[in-house]
Every structure is written in C-alpha cells, then in structure tokens.
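Subject: The structure I promised you

Hi,

Here is the structure I said I would pass on. Have a look at it first, and then read my notes below.

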Amino acid sequence: MLRKKKDLQQIIDRLSKDFLYVSILATDVTGKKYTVHTGGIDVGPSADEDRGFVVRVFQDCGFSEYSFNRLCVETVCDAVRKIAEDDRAKFLELSKPLEYASIPSDEPLKIYHLGEAEILPEDVSPQEVIERMSQIHDRVKTESAHVVQLILNYSYTQVNKLFLSQNRDLYQSYVYTNTYAAAVARDNDNVQEDYLSRSGLCGYELMEEMEEMTRKAANRAEELLKAEKIVPGEYDIICDPDFTGLIAHEAFGHGAEMDMFVKNRAKGMEYLGKRVASDKVIMHDGASAYKEVSSYQFDDEGNPGGDTKIIDRGILVTGMCDALSAILLGSKPTGNGKRESYKRKAYTRMTNTFFEEGTDSLEDMITSIEKGYLLEGFSSGMEDPKNWGIQCVASKGREIINGKFTGKIVSPVYLTGYVPDLLQSISMVSPGLVLSGSGYCGKGWKEWVKTSTGGSYIKARGKLS
Amino acid sequence: MIDIQNMLNKHHDISAWVIREKINRSLELFFVKDRLDMNRRADTHEFDISVYVDFEEQDTKYKGHADFTVGVSDTAEEIEEKIDSAVFSAKFVKNKWYDLPTNPSDFCEKKVAFSNIEDLKTKYGELQSIIYRDYGFTSRVNSCEIFGIEGTRRVITSKGTDLSYPYSEFTFEIVTDCDTGKEPVEIFNGYYLTHISTDQIEKIVKQQLMETEGRSRAVRNLKMENQRVILSGDAVEEFLSFYAEQATDSAIYNGVSLAKRGELFQSEQAAEKISIVMNPALSGSIDAKPVDHEGKILSSYPLFEDGAVKNIRTSARYSHYLGIENIGYCTTFEVRGGEHPLSDYLDQEYIEILAFSSFLTDFSTGDFGGEFRLAKHVKEGKITYLTGGAISENIIKIQNSMRFSKELQERRRSVAPKAIILDGITVSGENEC
C-alpha cells in the first residue's frame, strides 16, 4: 500500500485544484480464518479482508465520494469529477443540498503507527494451527457425550490503513485476533447450542485459551438440554460481563451516535445533561478507551481515536461523532467515523463500548435476589434510539431464589423494555471489567463493523420473556 | 481472469479450483429529511478463489482446500504468493476426499439485467416524488438512502463450468417518523429489489408510513395468553428459512438437523403441511443465481412436500459423505400457500405483528421470537395498536398447529405465504411479575 502512496498523493494534488477538501483512505486488510469442526476443516480469508480506496471531496454544494479498487490516477480523477460535478448537478436540479458551514477539520497531523503482538499470526504455520485446533476438537468431543457438533474458529486480521488529505499523512498497521468455540448438543429431538468467544488486539497468543473455552462451550450446550421456557415477567437480574456489554451497546451506544442527532433520530439529544441511568452507571466509548478489536490511532475519516465518556454517574454527557455530523452539529469529531469497508460510506459508529466496573461483589448480588435470574452470554441485540426500546437475547438464565441458585436453567431469554427504566434500575456493579469483540455491529440492518463491548456483573430489574 | 486461470492450471499441487468473479458498479444517494447529503459511486472488481489439493495419508484419500480473494489491482507476484499460501494451507486440511461438481450441460435460465444506475438518474424525479409525497398520513419520511447497483457474476471451475450472469440490485432504506402521539416514534427498514419498480416502491413507502402512524398510537400491551398471533412481513421468510436450513446436507451430516429424506418432518395430523420448492430463478429476488459457489448449475427442486423431506440441499463435500446426489446449494425458495385466505382467520381475537425490533430464528434449535415495535390487536372488531410486547416460541413445538394464508407475498429470497397463523401463543407484556 505504501508503494502506491505517490499515486494517491498525485490524486490529492490534482483534485485539490477543483475541490475545497480532498482525502483518500487506502485499506489493505488481510488475514486468515481457520475453522475446525466435527464435519471437516475450512481455511479462508479473514471476514474483514478489504483492499481498495475511497476518495472524498467537498465543494460548496456538498460532499461526494468514489470507492474503487483499480488504481489509475487519471481514471480516478476523471471519475471523481464526474461524480462530484455532473452527477451531483443533475440530482441538485430536483433536490436541495444539505448545507455544511465548513470543510472537515484538516489541521496538520502525522501518524505512523505499528502495533505489536506477542506472536505474529503470520509466523505460525497453518499446520500448527490446524493440528492444535484438531487436537482440541477431538479431546473435547470425546469428553462430551451429548455434543454432536463442535466448531472451533480462529481468525486473525492484519489491518493496514493509510489516510491522506491536503494536511494529513496517517498510517497504521496492527493485528487483531478472534477465537470462537460453538457446540451443538442433542438429546433425541432436543437440540441446543451455545458458544463462547475471545478477542484481542493481539496475535496467536489468544489461542492459549482455546481449549478451556471449547470445553466450557460444550458444557454450556449440554447444560441447555435441560433448559426450560421462562415464565414471562419482570425479574431481578444479574448480567454477566458479555450481556452487560450488549446492554451498553444497544441501550446507549446506538442512541449516542451523533449522526442520529443530525436526523433527529435519537431521543438522547433531548437528554444531554439529564439523568438517564442510576448513579452506578459510567459508560465509555472510544478507540483509545480500551485495547480491543476496535482500537486504532485514527478512524476512517482521518481523525484520531478518542475516549468519550457518554454517561457519567447516570447523567448523559455527550455522544460520539463522525467528521461530517460534527460540522452539522457544531461539535468536534471524536474519532468514531467508521466504514464497513472502503466500498461503503462512513457513519458514526461505536468502537470499544463499556460500563466502568464497580465495587459490589457478585456474591452480594446473588444473595440480594429473592427471585430472579443470572443472564449469561448473548446471541443478538437490537437498538431503538428514537423510542429507547431495547431487545437483548441471552443464551440462558440461571434461576436464583432466596439468594441461591436453584439449578434451573431457562433459555432462550429475551430482555426487552424501556432503556431508562432498565439503566435506572442498575443497583449494583461488580469489579472486573471484561470486553469482547467477537461480533459485528450493524447500523440498522446493514453496515457491519467490528466493535467490542463489555462491563462487569451488574444487578438490575428487567422484563424477560 | 485468464492470468489467474493460467497460474492455477500451472500449479502442480492444485487438483481443482473455482473462481468466482464479482464486478459491481453502484450509484448511491443519502438524504437527511429531503435534502441531498452525500452522493457516491463505487466501482469494484474482485475474485473469490478456492483451490483444492488431493493427497493421501495411510491409505486414506483427502481433499484439502483453502479460499482467498484477489483484487483487480493485485500484481502477478501478489496473486502467485496468495495461491502458494492457500495451497500450503490446503495441504493440512484433512477432509475426506470428495469430487467437485460437473454439469451435464451449460443450460440455465437467463437472468434479466437491469440498468439500475442509468434508471436511477432518469427516474430520480419520479422516485423522489414517491418517497417524499404527502400521502395524508401524520407520519413522514425522516431520511433515506438509495443504492442503484449493477454488475456481473461469473463462476468458472477447473471441472468445466463457465457461467456468467448479470447482477442487479436496487436497495433503499427509509426511516419514517411521527411526532403526533404521546411519544415521537420511528420505523426503519431496508428493501431489496432487483430494479426500480415505482409501483412497488410507492406501496412500500405508503405501508411504512401507515405503520409508523399506527406506532404513534400504539400502547404498551398487557401480558396476553392463549392468543392467535399472525406473523407477517419479513418475519415469515426468517421463520420458513428454518426448514431450508434443516434440510441441508451439512446440518444432517453433523447431526444438528432433525430432517430425514423421505420422512415426515411434521406430524401426520399437522393442520397445514409445508411444501417448499427451491427455485434458483426466482424472479424479483436479488439472491437468485443460476449456479452455486462450487460451480453446480442449479435447477428447481422440491425440498419439502406435504410436510415430508423430499430432497436435501447439497454441496459437493457433504453430499458425497452422505452418499446422495449433489443437486446444488440454492438459497431462494417458494412455499405453497395455505388452504384458506387470511380473512378466514380474522373472525376471532388476534394479534398481527407488523414490525419486530429484530425477529430471530435459531436454525438449529427452532427457537424463534423477538420484541415487536408494532402489532395490531383486533378484538370484537376493535383495533388497538400495541408496542413493546414479545413472543418466544419453538418451531418444532408449534409446527403441527401452524397455518398459512392462501395469499402469497414476494420477499427478498422467497415467494411464500403472506402470513403464518399461530394459536395458543403467550405475548409478554406490562403486567407481569
């Protein structure tokens, strides 16, 4: 990619004659994914592979972009002019433009960052990876009588990104790794599944935890064979760190994405400076707030990653912001402008989102519950920033009666309700912050990006079904 | 492409290969309210490649494989390096040997190509008018994103398949909101069409505006037991996809599926027996394609017939392991409508769920459900709009009492009943303790 920098610089120079602002993001994201499962082995590219370019230009009637993966200076400059001048003029015959008061911030900035990993994934041979995963698969499968399918997944992603504008020259290179173990257990017609995952801004060293994680996933799936259906109702709940992270993400993560403020789509806008959660809640988002899969030096719009305190002791402080929304709102970008890939538009997106840890012990939480559930793991969640609804699906709930686990398990468990009610009911927060970045976050139904979420154990009250 | 083929053919360790070429062009428009924000174009050209290596250890034959991607700007050295790396990995992939598909002929139904980029430019005025017109609802369009996409797909294999077909997609996302109720509300949805059909788009916009107005009047529901619940919209396709996933060779081989070819999946006494035909030429679906990822040319086949598993959706590897014919991996399907029209099921109290937050089906366990953002409760002729309730059920447990509407509806990957009628369902709500 760095070999093409000269060409990219030429594009900036040529287009700068016609446009008030020009930037280019070049991505060269590579990696591998190994899957060893009961039915075979698969090796493929990392799901996040991405190799191409996107040019953004601004003129007085707005922003235009061109995404491409064939680099020819002449062709690209012609295409950008056609999009920003001809196309735009045609559409503006019938529509008014959204007006921007200024160009994006382009203060001079230079970044050259090389991330580190204990064991670089590319230094480990496919033979070692596959044999190690196969051995773990075989050992755990033999131990688990009811497990019919075990899936082990290890993937690494080498991110190389270059951002150039008239005044910025930014480069970053780092690796992140994901491991995942899923198990399907079966007892006649009763089929159940569960999974566990790990992630990190690291390399092959993450594999150290694979065997224990796979064994736990198998045990959890077998445990689900005796799960019952929950009686819908409102209960005291304890959320494990994974589920706490999902709540942080869905409840106030999406609602604090400030491109939603621009469209008047986030109720949070009216609540800035007001209470939205209990005193126990302190929530952050930021590429530099924690070292996880969404940690970077600069975002896809060339702004440095930050650490935004979104909720401070229950009070909604601010949101996170991409570069263009910042112009429209008169605020500053927070380093949250992310793209699914070079092919897609940038939006305000979460990075590493979490509730700060507290001081209450898990034991005290359990003892304090007369009737309720400990919610573990998650399969999915959905946001509703305009109406503050929430849907989070937990893998299972462990019943607690009179401060003790009864041994009864319920699954699946849907936590639904009104976000402020849920967050204001958080009465205890444990120590032990854990983040996980195994999944992807969508903007509505699309635009999947890597994020991490987390927290510690929290006690709250929630509507379960 | 010729260069990549030559490189693969020349590599001594490669026993077979598949190249999937993908060319995409798009024109994209982003609106805040009715103001044009950004306009974009994208031109991309990529190849997904699978290489296969046959080897033998202790008298057992294996076929290893590895996949990788190549961009149009990759140099010959970069491509060679990627091929070598994939081949090296594939040598450690000990999958029992199987063969890749060959095709008796190159015949397949021709796909229609649409000029979505040019059409978006020429029909822009009409489109804008349809999206932002005042239809008399109290709700309105908050924002909108429009994508006109066209391109080409080509699948070429070392086994002789070489098939190109056009790819057409017209996608739009609209967010609609309404401020006239107790609380401001919104609904957002993405729609995936093969081309710009102004009639269809107008219908979609009006429906979403109507639902948003409904949501502004919706109240949080109380817990309701033993209800008739009607699933409609996209939830129907997600629900029915469970059957296609269950009748898939990998799920059967891995013991995850309950489906057995030739046997009933529902009970003999099921109220309505399911019939599904996999149709690779499903018109109106952006996912319809004449060839699968391994180069098997697809034709239509029945998957379920009257509640029984008629065929298994297959890939080369698992069909070989199961000892069944490889009929290909098709993703688009048609489901036979029910015996009665939907109106026949509306003469008693019912809840029709119009919009879920996110309707989910677990294709292994059959668990399905979700919180709904909008539902219509009809009791003794009185309509009440509800929000915030949720359902959580299991397909295996309810499939013998479910019924389908006679009316069919086109969705992203299917033509299937407009509605699924479920009885005896608990809808969670506010008065639970």
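In which hand does helix 4 of chain B pass helix 5 of chain B? The crossing is right-handed (left-handed would mean that the near helix is turned anticlockwise from the far one by less than a right angle, and right-handed that it is turned clockwise).

Before the rest, some housekeeping. This is a predicted model, where local features need pLDDT of at least 70, side-chain atom pairs count only at pLDDT 80 or more, and totals for chains, interfaces and linings use all residues. Residues are numbered from 1 along each chain as its sequence is written, chains are lettered from A and ligands numbered from 1 in the order in which they are written, and side-chain values use heavy atoms, with hydrogens and water left out.

**Helix pairs**

Two packed helices are described by the angle between their axes and the distance between the axes. Back to the pair in chain B: helix 4 covers residues 124-132 and helix 5 covers residues 198-216. (Helices are DSSP runs of H or I with at least four residues, strands are runs of E with at least two, and both are numbered from the N terminus.) Their axes come within 9 Å and cross at roughly 20°; an axis is a line fitted to C-alpha atoms, for helices over the stretch in contact, and angles run from 0 to 180 degrees between N-to-C directions.

Who makes the contact, meaning heavy atoms within 4.5 Å? From helix 4 of chain B come Glu126(B), Leu127(B), Ile130(B) and Ile131(B), and from helix 5 of chain B come Thr198(B), Ile201(B), Glu202(B) and Val205(B). They divide into five nonpolar, one polar and two charged. (Nonpolar covers Ala, Val, Leu, Ile, Met, Phe, Trp, Tyr, Cys and Pro; charged covers Asp, Glu, Lys and Arg; the others, Gly among them, are polar.)

Helix 1 of chain A passes helix 2 of chain A in a right-handed crossing. On the helix 1 side of the contact, the residues include Ile11(A) and Leu15(A), and on the helix 2 side they include Val76(A) and Val80(A). The residues of this contact divide into six nonpolar, one polar and four charged.

**Cysteines**

(Buried means under 20% relative accessible area, exposed over 50%, and partly exposed in between, with a 1.4 Å probe and protein chains only.)

**Some residues in chain B**

Cys178(B) is one of the residues that Ser216(B) touches, not counting residues up to four places away in sequence. Ser216(B) lies in helix 5 of chain B and counts as buried, at 9% relative accessibility.

Gln5(B) sits in helix 1 (residues 2-10) of chain B and is buried, with a relative accessible area of 16%. Gln5(B) and Ile19(B) are 14 residues apart in sequence and 8.3 Å apart in space, C-alpha to C-alpha.

In chain A, a cis peptide bond joins Ser411(A) and Pro412(A), with omega about -15°. Pro412(A) is in the loop between strand 18 (404-410) and strand 19 (413-418) of chain A.

Trp388(A) is not a glycine, yet its phi is positive, about 60°. Trp388(A) is buried, with a relative accessible area of 1%. Asp306(B) also has a positive phi, near 50°, but counts as partly exposed at 38% relative accessibility.

Cheers

Terms used
Contact = heavy atoms within 4.5 Å.
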